Each structure stands twice: as structure tokens, then as C-alpha cells.
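Subject: Structure handover and notes

Hello,

Please find the structure below, for your files. My notes come after it.

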There are 2 protein chains.
Amino acid sequence: MRPTAAVGIHSSEIKQRNVSAILLNLLHYGAISRVLLAQEIGVSTATITNLVAELVDQGLIAEDSRARANGTPNQVGRPQRSLTLIPDARYSAGIHIDVGKLHVTFTDVCGEVVACKSLDHQVEMDWRAVLDQACEALGALQTTHGLASERIVGVGVAASGLVDPTTGINVVAPNLDWHNVPVGDYISARLGLPVTVENNARAMALGEAMFGSGRDIRAMAFIYARIGVGAGLVVNGQIYRGADAGAGEIGHSHLIFDRDGSPQMRSLESIISRPALLESAQSILRQKGPLTLEDVIDRALAGDEALRAMLDERAFYFGIVLANLVNLFNPELIVLGGLFLSERGLLLPTIEKTMRQYAFATLGKRVRLETTGLGNQVGMIGAAALALDRFFYRPQNQLLMKG
Amino acid sequence: MRPTAAVGIHSSEIKQRNVSAILLNLLHYGAISRVLLAQEIGVSTATITNLVAELVDQGLIAEDSRARANGTPNQVGRPQRSLTLIPDARYSAGIHIDVGKLHVTFTDVCGEVVACKSLDHQVEMDWRAVLDQACEALGALQTTHGLASERIVGVGVAASGLVDPTTGINVVAPNLDWHNVPVGDYISARLGLPVTVENNARAMALGEAMFGSGRDIRAMAFIYARIGVGAGLVVNGQIYRGADAGAGEIGHSHLIFDRDGSPQMRSLESIISRPALLESAQSILRQKGPLTLEDVIDRALAGDEALRAMLDERAFYFGIVLANLVNLFNPELIVLGGLFLSERGLLLPTIEKTMRQYAFATLGKRVRLETTGLGNQVGMIGAAALALDRFFYRPQNQLLMKG
DNA sequence: TGGAATTATTTTAGAAAGTTAATTAATTAA
DNA sequence: TTAATTAATTAACTTTCTAAAATAATTCCA
């Protein structure tokens, strides 16, 4: 293997990287002047002038001829000129393949959803059928909204389970019974666009880091719980995948329960996922028929103490796992998505209290804990974010993780 | 805060980074030719020729006029010429401040210990006295071994507890009762050398990544257990610190124990550290007097089943924590140091078995688990590695983590 | 109101560092 | 010994950035 990070700079990368830095700063600040760009990026204003001119020519960014750049009100001297991204300069397609659900979207360069659609699919369906459905839905959206093909930078796919982003293969998606599905190649062949595939929690984490509350954050974790529980880690704006693209398998964290003196192990997924919660609720309620998580929450809020206690206990255990995550990874922010969006105050308070109590010293105090502000769109926005990151904002990083 | 990773390339960095890449490749491969360097680094052979010539002039690297570079035996054509680092071109000073122990060393550029000394110190001593002791010991070693000052790149300090590497302050070292000790400034003033300070487990992780079995590794964890338990994480050859330089506080991971139906929490440190093990052994043996870990191991090996069972249980719990670490961080390698070096087969087998059993799918199978090959020198070598990394191999990274 | 002061951006001239292609060097094969 | 082959160096040139000077757009203040 190559020595870690001992890669040099080929002169052809320099400009591309500086352009990248400009685009990312514009995304981050919304509007920023050339002087500040030069400061932030660490190059001369002359360079900024030249690169900005090119980007304006390409129709990617605009100079607001009126507005002063922020932070410089009424100063002496020539005013700084605001530069902004042109959101509709490019679009990104996102596909979130969830268990039983399929979400597709086009976002603009700023991560705003321009069009989207959610579909159901059966777990028994062949993977081809599922991906066909997604591609057709995207095609329909593109036509309806009149999105020019040449403005679409690519397709991002947030897939369930283990994904190899270098090959675009969904190695295994247990809850869909998919094995080695060549998601990237298949979609790329159908749509004629570059495709990037990633694990769903990781895609969401990136979406949150680029367009959500993770924008100013050095290290963050996104936790998505639904049928399974997964975490996505983002460090300095880049997804952390680990050695085998397996980082973040927090659902398989184990907790120890002594039963009669001998240890018994339980995975987090058996504690806090929707199936786990429903199973427990069903046994509490002695109900056999179908039950939704909303029902359970409703009944707990209506005063079912046994349900409430069950949920509270689960929240406590999840809080412990979060505290351990904080101790190991020391994130600045943890964002929760999926079933946490419908907890209505029954889980979060205990989760947060426990997490802060058991995290080490200041780490637990400093970390922020939130549910995602992107709501149930976080999966598709995350998917679109994958493509934006790889094909628009950081095209130089074509193959980050290879051996 | 600045947008994540949106930093550009100032032209003055380019050469420095390519030089860095050459040095790191030489360290990694031991001997390598210009053609291969060009391939690995991604620049032209012309550039390599020029930069190598400069490095030879500076006396940092040498061309072996005989040897063919490895991997190219008896080929047609002009043979590749081996380039190697000159180990003694520079030295690095390392100080490992452990609880009750102080280890100082000079290593060469390849991490080989040129000279070292270990000292005792009392926990009650003023921090100034401790640091003075270290500086004096270094001074003595330098004189004895005739190490020219101008060849010493700097001093690395592996400190106990929470460290802020940007300021060089040891924010808190609970086991030494140190608070906000300006380690970096103090040593720098005494020795007149640049100093870099880091948490001990992280320093060891870097040492292992540069000079130990972590050399080919993308993501690794080093776990140091003695009075406390800490982990150092290294990703792509760089220390991962987290948002508040608090990553790796694995000793404060909590495990849940049901006691009479209600959960009771225990930290890893209360399970697997030396004090914890000794306390438990003492209560098993009903012995009040002083007991060493070696005694405990001896007696367990001699057939004390209660002790053996205790150690095995502890190993099991540690294995669970490792499995959870593997699931979250997905390292390729985990290296253990400190008390694990004297376990004599009583802990590791159970640790490894448990870790692999409870880690998710392939992650647990792929990860390697070892005790450090650097032995008890890992702390001082890690400390020296800090300085080599920051002042010799990657001088461009002066301030990686700022807000 | 109009110049002085101030700050931002652009232009110009040039330097730094890389690249490509041609050349030279050191081998093996025949 | 010469041809073939591969490595390393050199020479000419390109790219990209920088520094410093010039220009532009304001506010300040008499």
C-alpha cells in the first residue's frame, strides 16, 4: 500500500483545488467578497480575481452589484463586492433507497430541493426493478421541471447496508436481501450520468454537513435509525469510511446485561430500531395486529405508563451508546434522523441527559445533540449531496480511498 | 469557523509538500528509486530529480551507488538507483511523562532509539521539577552521545490526560494532578527547541503508525492501559483528535451491568486498568500488602483459578469495548500497549475472540490485533515521532486544527 | 462640494514550480 | 560490440501563482 498521505501535488491540481476552495467558501458563507476569499483560502487577491472571473464566465457564480459583502457595513474605502453561487447553475440527482421506500430528488447547488418524489417498493422486488423505478421517477421529474441535462452534475445514491464507494457496489443490504448489487454501473448506464454510491447514514451525514446544521462543524456524527441503526461520520467536511468502508456500524454496538450473574449481549439495533420497539410494545400491549410507531407514541403520550417506561429505558441505553461514541470520536455535533423525528419528547430528553452524564468531562458538555432540520428529506438530500461533493465541489478527489 | 477543508494551495506550499512526500516515501519504503517515487507521488521524474538533488545537498538523503532499487532485479536497461534517508541526518527528542515514570530519548529520523533514559518521579512533585528533570536528562544524553544541536529537529512530549496540541498546554492530567500546565512553552524556553505536545496514547499511535506495525495502515487504533486507559486514533498517517482534542477517551466507555434489575454503569477504566485489576486481585486474595500486576499474573499462571476467572472476565468486557470500537471506527489494526505487554496469554486470547465475535460481519474478521512491537519504548518513540512528523516530515502542517 | 484618505479589485510584470520532450547514461541481450 | 531498453538529466516551455503598481469606489471632513 502507499505510504499514508505521502501524495504530492501535480501542478494540474493546483487550480482545481483553489476553484474548489472558492466554491466551498461561497456555499458556506452564502455571500463573500474577494478579499475575504483570499484570506480564507490563503492565496493572493490577484488569483481570486482571475479564478472568480472564470467562474462567472462559466455561469457558476454571480457578483451582486449592489450588495456589500457581509460583515463590512459602512466602512471607509471601496466596498467589497458580494459574490454568490448561482443555485440553478447546476442540479444534482439524489436517490435514497430505503427499506420499502424509495425517494428521489433534484437539488440545486445549494442543496435546495427543486423537485422530489417518494415511492413505495416491495422488498421482494428484483433490484433491477427498484433501480428502474428510481431512474424513471428521476426522468419524469427532469422533464416536468425542465431541467437541462447538461446542468446535471451526476447522481448520488444513498443505499442501505454496506457499500463500496470505489466500485459503486452495494455489497450487502440485509434488510433488502441484496448482495453485490452494482448500483453505480446500473444507474450510470441507464441515465448516462456519473454516479456515486454510499451508505445511507453516511450520505445523510454529508448532507447535514454541507446543507444542514453541520456546516460549521469539524467533526460530526449522523445517526439514522429505522429498520436498522447506522451512523455516518464526517470530519472536516469529508466522510470518514474506515478501512473497509465499514465505519459507523453503531447498530451492532453491544451492551452487556447481566442476567443471573452471567453476561448477556444485546445489540443497539435490538433496542432502539422500529422493529425492536414495535415488538416490545406489542408484548406490553398484548396486541397481535399491526401497530405503527406512531400508535405507540400516541398511547404513551396518552398515559400508558408501561410503554413510557419502556421507551425511557431504551432512550437510556441509546444515551449510553452515544456517550461512548462521544468519548471515542469527540464530535462537535450529533444529528439524529429517522424514527427520532417522531419521538415527540418521549426519547430525546433521556437520551440527551444520559449522553451528557456518561460522556467524559467537557466532551459531553460541549457536544450538540439535535434531530435533523432536513426532516424526512435528509436521505435524498444526502444522496444529492454525494454527487455535488464528488462531481461539483471537489472534482479533484476522484478516488480518495484506494489501497 | 472556516468552511471545512476549503483551504487552497498557496504556491509556496507546493514544493514543500512534494519534498514531504519524498521523505515520507523514503521512510516507508526504506529504499526507492526516482522513477517509483515519481509514480507514487504523482509528479514527473524531472521534478523528482530536482528535489532529490536538493535533499542530497542538504545531507538528508543518499544515493546508494551500487544497489538497484528493490523490485527491479536484473532488468534490461539502466538500473534504477536506490535512494535512502540518512538516519543520522537529524535527531528528534522525545519525552514521555507517565504517572510515576519519565522516559526520554533521542531517535534518529527512522525512529531508531539513539539514546534513552528512564527516571522515576513522585506524583507530588511540582510540574516544573518534573519537566526540569526531563530536560536535564535530555541534555546529558545529548552531550554523552555527541548529538549536534543543529541536527535536532525538536522535542515531542507525550503527556498524560487532556492536551491541547495547538497551545502545548496539558489541560488536565488527573493522575498527576496537573491543571493547565504549559508544557510546550516551558520546555521550549529551557531547551531552545520547537516543542510539540500530545496525549500519550495518541503519541504512541503515531509512533506505531510511522515506525511500528502501523506503517501500511489507513486507519489504526493504539490502546494504552496502565493507570488509565486511552486510545489514539491515526487515519492516513495523521492523528485524529476530534473536535476538542478529546477523541479516544475509551477508558470512560461505559458498560451496563444489571444489578437486581436496575442498571449499574461501570467505566472501562474501572475494569481493565492496573489499579482496578490489583484491587480486584487483592480482594480475591484477601491480601492487604503491596501487590504488583506481575504477582497477579504469576499466581494466575501458577493455577489460581479465581484470579484466572477474574482476568478472563475482564478480558471479555474489554473485548466487547474493542468490538464496539471496531464497529464505529473500522480500523485495520489495533495495537495494545502498557499492561497488555505483560499479560502472558491470560488476557489476549479472550480479548481477541470476544472482539471478533461481537464485531460486525467482516469488520471483525479483517482487523488485526497485536501488542506493540515497540515494547515499553513506545511512549518515548511516540513522543519523538510527534516532533519528527511536525518538524521534519510535514513541516507544512503547522497548525492543522484551529477554529 | 471636492479633495484626502481608505480600502477593494484589477492589471502588469515576473517568479516559482511544475511539465514535456529530447538527450544522455547505464545496463542486458545477442 | 552493437542494439535494445530503461533511468535519469537537461532544456525549453507552460501553468499558476505572487508582488507591486494602478485603478476604482467609497467615506471623511474641511
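This is a predicted model: local features need pLDDT of at least 70, side-chain atom pairs count only at pLDDT 80 or more; totals for chains, interfaces and linings use all residues.

Residues are numbered from 1 along each chain as its sequence is written, chains are lettered from A and ligands numbered from 1 in the order in which they are written, and side-chain values use heavy atoms, with hydrogens and water left out.

DNA strand C

A residue is near a strand if one of its heavy atoms lies within 4 Å of it. There are 27 residues around DNA strand C, and those that come nearest are A:Val35, A:Gln80, B:Asn18, B:Ser44 and B:Thr47. Sugar or phosphate supplies 79% of the atoms of DNA strand C within 4 Å of the protein, and bases supply the rest.

A polar contact is a pair of N or O atoms within 3.5 Å; within protein, one must be able to donate a hydrogen and the other to accept it, and residues adjacent in sequence count only if both atoms are side-chain atoms. On the phosphate side, an N or O atom in the side chain of A:Arg34 is 2.9 Å from a phosphate oxygen of DNA strand C. On the base side, a polar backbone atom of A:Gly77 is 3.4 Å from a base oxygen, and a backbone N or O atom of B:Arg78 lies 3.2 Å from a base nitrogen. The elements that give two or more residues to this surface are α2 (34–41) and α3 (45–57) of chain A, with α1 (11–29) and α3 (45–57) of chain B. Helices (H or I, at least four residues) and strands (E, at least two) are DSSP runs, numbered from the N terminus.

By class, the surface near DNA strand C has nine nonpolar, 11 polar and seven charged residues. Here Ala, Val, Leu, Ile, Met, Phe, Trp, Tyr, Cys and Pro count as nonpolar, Asp, Glu, Lys and Arg as charged, and the others, Gly among them, as polar.

DNA strand D

Of the 26 residues around DNA strand D, the nearest are A:Asn18, A:Ser44, A:Thr47, B:Gly77 and B:Gln80. Sugar and phosphate make up 78% of the atoms of DNA strand D that come within 4 Å of the protein. A base oxygen of DNA strand D lies 3.5 Å from a backbone N or O atom of B:Gly77. At least two residues of the surface come from each of α1 (11–29) and α3 of chain A, and α2 and α3 of chain B. The classes are nine nonpolar, 11 polar and six charged.

Chain A and chain B

Contact means heavy atoms within 4.5 Å. The contact takes 70 residues from chain A and 70 residues from chain B. Buried area is the accessible area (1.4 Å probe) that two parts lose on being put together, summed over both. Between chain B and chain A it is about 6,400 Å², with 59% from carbon and sulfur atoms. In chain B, the residues that lose the most area to chain A are B:Ile9, B:Ile256 and B:Leu328, together 12% of what that side buries.

A salt bridge is a side-chain nitrogen of Lys or Arg within 4 Å of a carboxyl oxygen of Asp or Glu. The rule finds two across this interface. B:Asp244 forms a salt bridge with A:Arg366, with the closest N and O atoms 3.0 Å apart. The side of chain B that touches chain A has 36 nonpolar, 20 polar and 14 charged residues.

Single residues

Buried means under 20% relative accessible area, exposed over 50%, and partly exposed in between (1.4 Å probe, protein chains only). B:Asn180, in strand β10 (residues 178–181) of chain B, has a positive phi near 50 degrees and is exposed at 53%. B:Val321, in helix α10 of chain B, is buried at 5% and touches B:Ile250, B:Ser253, B:Leu255 and B:Leu268, not counting residues up to four places away in sequence.

Regards
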